[in-house]
Amino acid sequence: MKKLLAILSFALLSGCAGITGLIPSFWDDNQSHRIINVRLDIERVDCKAQQLPQVVKIRDDLAWFKLYSESKGGRQADVILLTKPMTETVEDWHKRVSTEGHKDNSIYCDLKKRVLQEQSARAAKAILGRF
Amino acid sequence: MSLQTLYEIAGRDDHPWAATRAAMVIAITEQYQGGGLDRSEYLEMMQDLVRMDALDAEASDIELKTMLVTAVYAVAQVV
């Protein structure tokens, strides 16, 4: 019966994604800790203060998450894909505020913060909800 | 889609994710129209909202796989 269940789960999961995404990633303490760090970095963004060092902090925590997941190897493709949109959002922000002569715009910062709050909350829910 | 339609979606209680997303589009568009954002900032923010959809899809995929693994494990314990 257990063999049958294993075959059944294989068949069900293969229907969700291609063969490379067959098996989901599982719970990981370090990934869970780091994604909450990312959320905390975003929550603490103060749009009246200089933006660059705050964006660098978020960017570094996301880079840590990606490097750790890549180093861990197989079956981490799902969480790397999950954080990619957030990384792109932060990269655009970083590129803008690190341009020479840039002047911080607090309205842009407030909106970027709102988008990232939403993105990171969704990502954290998926990462912490794993088996 | 007009801003009026977005206001209607933002006010709905039955789909909170859609209401949140609509509220964001409204906030971004209003800031652009009012001069709070320049064109490149506005386009970048809109691109971020598209990215949010990609993130939603990936998150739902992980959650579904987790549910399946959990269900199979639970059944295996019973059988």
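View 1. Of the contacts in chain A that link residues at least 6 apart in sequence, 77% join residues at least 24 apart; two residues are in contact if their C-beta atoms, placed from the backbone, lie within 7 Å. Chain A has 131 residues, 31% of them buried (20 or more other C-beta atoms within 10 Å of the residue's own, with C-beta atoms placed from the backbone). Chain A holds five helices and zero strands; helices (H or I, at least four residues) and strands (E, at least two) are DSSP runs, numbered from the N terminus.

**View 2. Helix 3 and helix 4 of chain A.** The axes of helix 3 (residues 51-72) and helix 4 of chain A come within 9 Å and cross at roughly 155 degrees. Axes are lines fitted to C-alpha atoms, for helices over the stretch in contact, and angles run from 0 to 180 degrees between N-to-C directions. Helix 3 of chain A is therefore roughly antiparallel to helix 4 of chain A (angles over 145 degrees). Residues in this contact include A:Leu62 and A:Phe65 of helix 3 and A:Met86 and A:Trp93 of helix 4.

**View 3. The side of chain A that touches chain B.** The contact takes 33 residues from chain A and 31 residues from chain B. Helix 1 (2-16), helix 4 (77-97) and helix 5 (106-128) of chain A each give two or more residues to this side. Helix 5 of chain A supplies the largest share, eleven residues.

**Numbering and confidence.** Residues are numbered from 1 along each chain as its sequence is written, and chains are lettered from A and ligands numbered from 1 in the order in which they are written. In this predicted model, local features need pLDDT of at least 70 and side-chain atom pairs count only at pLDDT 80 or more, whereas totals for chains, interfaces and linings use all residues.

Methods: A residue is buried if 20 or more other C-beta atoms lie within 10 Å of its own, exposed if 12 or fewer, and partly exposed in between; C-beta atoms are placed from the backbone. Angles under 35 degrees count as roughly parallel, over 145 as roughly antiparallel, 65 to 115 as roughly perpendicular and the rest as oblique.
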